[in-house]
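Let's take a friendly walk through a protein model. Have the sequence and the 3D view ready, and follow along as we go.

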Amino acid sequence: MNTNKIIVVSSIIVIILIIAIPTTYKVIKNHNQTLYKVVEDKIVEKAKACYYDKKCTNEKITLKELYQNKYLDKVSDPITKEYYNENSYVERKNNKYKFIVVE
């Protein structure tokens, strides 16, 4: 009887772990993706504003340009908290904007 109780309790713990570990991983992964999307959207929005104000005319708008033109304060990676390289840029192609991180 004691062995059956141990097996049942062990099985319940294993089932809980099988459900909890992937769920936790997925929640954390989605949270991190959302953090990156928010930062990227902020940078792209400011790059668009700089382009439409005709202060940034290149196809590649660097963070350095956005800092110099006072569109952004220093922006950091939301996970590592390190500042992005000033040479990172927003690429404008066919009126589509994409943020490219330079290491």
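## A walk along the chain

Just after helix α1, Lys 54 adopts a positive phi of about 60 degrees. Helices here are DSSP runs of H or I with at least four residues, strands are runs of E with at least two, and both are numbered from the N terminus. Keep in mind that this is a predicted model, in which local features need pLDDT of at least 70 and side-chain atom pairs count only at pLDDT 80 or more, while totals for chains, interfaces and linings use all residues. Residues are numbered from 1 along each chain as its sequence is written, and side-chain values use heavy atoms, with hydrogens and water left out.

**The overall plan.** The protein has two helices and three strands, and along the sequence they follow the pattern α-β-α-β-β. Its radius of gyration is 23 Å, well over the 13 Å that the globule rule gives for 103 residues, so the protein is more spread out than a compact globule. That radius is taken over C-alpha atoms, and the rule is 2.2 Å times the number of residues to the power 0.38. The C-alpha trace spans about 80 × 25 × 20 Å along the principal axes. Buried residues (under 20% relative accessible area; exposed is over 50%, partly exposed in between; 1.4 Å probe, protein chains only) make up 22% of the 103 residues.

**The helix α1.** Does the span of α1 agree or disagree with what its 51 residues should give? At 1.5 Å a residue they should span 75 Å, and the end C-alpha atoms are 75 Å apart, which agrees. The expected span is 1.5 Å times one less than the number of residues. Helix α1 covers residues 2–52 and lies across β1, β2 and β3, at about 125 degrees to β3. Such angles run from 0 to 180 degrees between N-to-C directions, with axes fitted to C-alpha atoms, for helices over the stretch in contact; contact means heavy atoms within 4.5 Å. The buried residues of α1 are Val 39, Ile 43, Val 44, Ala 47 and Cys 50. Their cover includes β1, α2 (63–68), β2 and β3. An α-helix has 3.6 residues a turn, so residues three or four places apart point the same way.

In the loop between α1 and β1 sits Asp 53, which counts as partly exposed at 46% relative accessibility. The C-alpha atoms of Asp 53 and Tyr 25 are 42 Å apart.

**The sheet.** Three strands form an open antiparallel sheet in the order β1-β2-β3. Because β1 (60–62) and β3 (96–100) stand at the edges with a single partner strand each, one side of each is left without a neighbour in the sheet. The twist averages 20 degrees from one strand to the next. Strands pair if DSSP finds at least two bridges between them, and the table lists the pairs.

| Strand pair | Bridges | Opposite residues |
| β2 and β3 | five bridges | Val 90 and Phe 99 |

Strands β2 and β3 form a hairpin with two residues between them, and Asn 94 in the turn has a positive phi of about 50 degrees.
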